[in-house]
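Here is a brief report on one predicted model.

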Amino acid sequence: MISKFIDNKYDMKTFDLKISDGTVANATETFHADIGIKDGLITAIGKNLGKAKKVINADGKLVLPGGIEAHCHIEQESSSGIMTADDYYSGSVSAAFGGNTCLIPFAAQHRGQKLQNVLDVYHHRARPKSVIDYSFHLIISDPTDEVINIELPAIIDQGVTSFKVYMTYDKLIVNDSQMLKIMTAAKKLGALTMVHAENNAMINWMSEKLLNSSYKAPKYHALSHPRAAESEAINRAITLSTFIDTPILIVHVSTESGARIIAKARYDGHKVFGETCPQYMFLNAKNMDLPEMDGAQFCCSPPLRDKASQEEIWRCLQNGTFQVYSSDHAPYRFDETGKLHAGKKPTFTKIANGLPGIETRLPLLFSEGYLKKRITLNHFVALAATNVSKIYGLDHRKGSITEGKDADIAIWNPKLKKVITADDLHDNMEFTPYEGMEITGWPEIIIQRGNVVIEDNTLKATRGDGEFIHRKKIDCTGMPGRVAPELNSKHNFDVKFEF
Ligand code: DUC
Ligand code: ZN
Ligand code: ZN
């Protein structure tokens with residue numbers, strides 16, 4: 001551990017807030033220092049910084065960048081019209097209690113909708129309610145020429161520089177030619193395409209076979225989305241994106257076979273990123289083997305796999321195949337508003353897909369990853385905030401404890417032990433898939449742009465304190481990539497393709 005700053009450098013300043021005596025960690029370094037905050041920004045890092053209007057003593061605590069939750073579904077209608085249980089108030093409060101200071105949920109286009117209308121709706125939902133800062137990823141389900149050529153550039157100009165496409169779900173699926181069209185636009189506009197990669201035909205084929213043989217219970221959902229459906233789709237998505245050399249991020253990867261395809265593409269220098277989620281590291285399909293409909297609480301897509309798979313996903317997180325670790329918080333209650341929207345005893349195909357986890361994402365990784373020495377503290381910070389801030393164009397504001405950045409800070413007590421229970425969580429869910437797990441290390445104080453959001457286990461922020469963050473275009477410097485030879489005028493009789 002280093003102490004890299006000169007004493008008394010900032011004696012003459014009066015800060016709005018000073019965090020003293022903590023152990024500060026970024027993605028690349030750990031050191032003892034005080035942090036001085038003024039006008040919402042980190043303005044000094046050093047020793048004996050001088051006066052401040054408020055001082056927080058962080059002796060014995062870890063002072064980390066606020067987490068950035070980059071994959072969550074908040075106040076979003078699914079393609080079947082089900083609204084998530086969390087709105088921007090409960091979702092952001094729960095995120096903050098879990099150590100986060102920024103969210104990037106989805107603004108979902110359903111077919112026939114104009115992108116600007118979609119974005120306006122989500123601004124309207126988030127602005128008055130979010131207690132922490134936020135941006136949006138768009139979901140594109142209807143890539144008409146108008147959407148791609150006229151609407152999408154306008155959205156990207158508004159700082160929404162990433163969007164998700166689905167290779168499955170009848171009401172969301174885009175086919176390969178639509179994917180190429182979308183990816184070509186992303187390349188031109190400096191945006192990132194996120195992909196839900198599962199082969200739709202394989203899922204439908206498996207589901208039909210299972211249902212025809214009366215295998216209808218929730219646990220069969222895990223069989224109906226086979227591993228090969230994920231790896232086939234990941235391979236296809238990456239083949240399309242690397243063909244034209246545009247960045248792609250495969251979300252919620254659940255299989256080692258899928259992770260290997262990502263790792264190989266990265267090894268080859270392509271602009272490919274990977275994300276996994278806690279459910280693939282901490283849960284497995286045996287959790288779904290419950291009486292009656294109880295297994296529905298564990299239905300998510302891609303589904304939970306097995307114990308061996310959990311270890312493989314951990315390894316791929318450790319070795320850097322996954323740069324992003326997100327909750328994929330998709331809160332559907334275990335009742336007719338959510339999981340059981342299609343009736344009291346639906347077949348596994350009619351259960352709402354998704355697990356809650358926005359508040360438990362970071363404590364789980366801190367306890368079972370960092371404290372159990374599977375990853376370093378700096379790697380924890382990278383996964384909590386820094387990687388996402390760089391990949392999604394937020395690093396001019398967020399993601400590290402650096403002079404000039406937003407004072408978004410989470411102060412962690414590395415010794416605090418608590419058992420996870422739904423009653424203690426702040427989302428609008430009545431269950432958590434991690435019920436009963438004992439976790440060591442929890443965030444205690446959350447600071448957003450210099451203002452205390454949580455202290456003494458109490459919310460101090462109010463609705464609407466969060467601000468929309470305009471994100472930059474995607475920067476893939478250091479990831480060379482290359483278009484296919486057929487598109488390269490040096491190798492194609494000098495044909496010039498316009499992107
Ligand atoms: N995809 C997600 O990203 N979240 C929940 C369900 C799904 O299919
Ligand atoms: Zn998805
Ligand atoms: Zn999701």
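## A buried helix and its surroundings

In α12, the buried residues are Leu377, Phe380, Val381, Ala382, Leu383, Ala384, Ala385, Thr386, Asn387, Val388, Ser389 and Ile391. Buried means that 20 or more other C-beta atoms lie within 10 Å of the residue's own; exposed means 12 or fewer, partly exposed lies in between, and C-beta atoms are placed from the backbone. Helices (H or I, at least four residues) and strands (E, at least two) are DSSP runs, numbered from the N terminus.

This is a predicted model: local features need pLDDT of at least 70, side-chain atom pairs count only at pLDDT 80 or more, and totals for chains, interfaces and linings use all residues. Residues are numbered from 1 along each chain as its sequence is written, while chains are lettered from A and ligands numbered from 1 in the order in which they are written.

Helix α12 spans residues 377–391. Burial covers 12 of its 15 residues. From first C-alpha to last, α12 reaches 20 Å, close to the expected 21 Å. The expected span is 1.5 Å times one less than the number of residues. α12 also has a kink of about 55°, centred on Leu383. The bend at a residue is the angle between axes fitted to the seven residues ending there and the seven starting there. Just after α12, Gly393 takes a positive phi of about 75°.

Lys373 sits in the loop between α11 (361–370) and α12. Is Lys373 buried or exposed? Lys373 is exposed, because 7 other C-beta atoms lie within 10 Å. Lys373 and Leu62 are 311 residues apart in sequence, yet their C-alpha atoms are 16 Å apart in space.

UniProt, in an unreviewed entry, places the feature "domain: Amidohydrolase-related" at residues 62–417. UniProt positions follow the numbering used here, feature names are shortened, and annotations may be inferred rather than shown by experiment. Over residues 62–417 the chain is 39% helix and 15% strand, with the end C-alpha atoms 15 Å apart.

## Ligand shell and cis bond

Which residues surround ligand 1? They are His196, Val251, His252, Cys300, Ser301, Asp328, Ala330, Asn353 and Gly354. A residue is near a molecule if its C-beta atom, placed from the backbone, lies within 6 Å of it. By class, the shell has three nonpolar, five polar and one charged residues. Ala, Val, Leu, Ile, Met, Phe, Trp, Tyr, Cys and Pro count as nonpolar, Asp, Glu, Lys and Arg as charged, and the others, Gly among them, as polar.

Ser301 is also joined to Pro302 by a cis peptide bond, with omega about -5°. Pro302 is in the loop between α9 (279–282) and α10 (307–318). The loop between α9 and α10 also holds Glu292. Phi of Glu292 is near 50°, a positive value in a residue other than glycine. Most residues other than glycine have a negative phi, and most peptide bonds are trans. Glu292 is exposed, because 10 other C-beta atoms lie within 10 Å.

## Strand pairing

Two strands pair if DSSP finds at least two bridges between them. The table lists pairings.

| Strands | Sense | Bridges | Residue pair |
|---|---|---|---|
| β1 (15–25) and β4 (52–57) | parallel | five | Ser20 and Asn57 |
| β1 and β2 (30–38) | antiparallel | seven | Val24 and Phe31 |
| β1 and β5 (62–65) | parallel | two | Val24 and Val63 |
| β12 (248–250) and β13 | parallel | three | Ile250 and Gly274 |

A hairpin of four residues joins β1 to β2.

Strand β13 (residues 272–276) is largely enclosed by the rest of the structure, because five of its five residues are buried. Val272, Gly274 and Thr276 point one way from β13, and Phe273 and Glu275 point the other way. In a regular strand the side chains alternate between the two faces of the sheet.

Asp456 lies in the loop between β17 (451–455) and β18 (458–459). Phi of Asp456 is near 50°, a positive value in a residue other than glycine. Asp456 counts as exposed, because it has 8 C-beta neighbours inside 10 Å.

Lys490 is in the segment after β18. With 6 C-beta neighbours inside 10 Å, Lys490 counts as exposed. Lys490 and Val452 are 38 residues apart along the chain, and their C-alpha atoms are separated by 57 Å.
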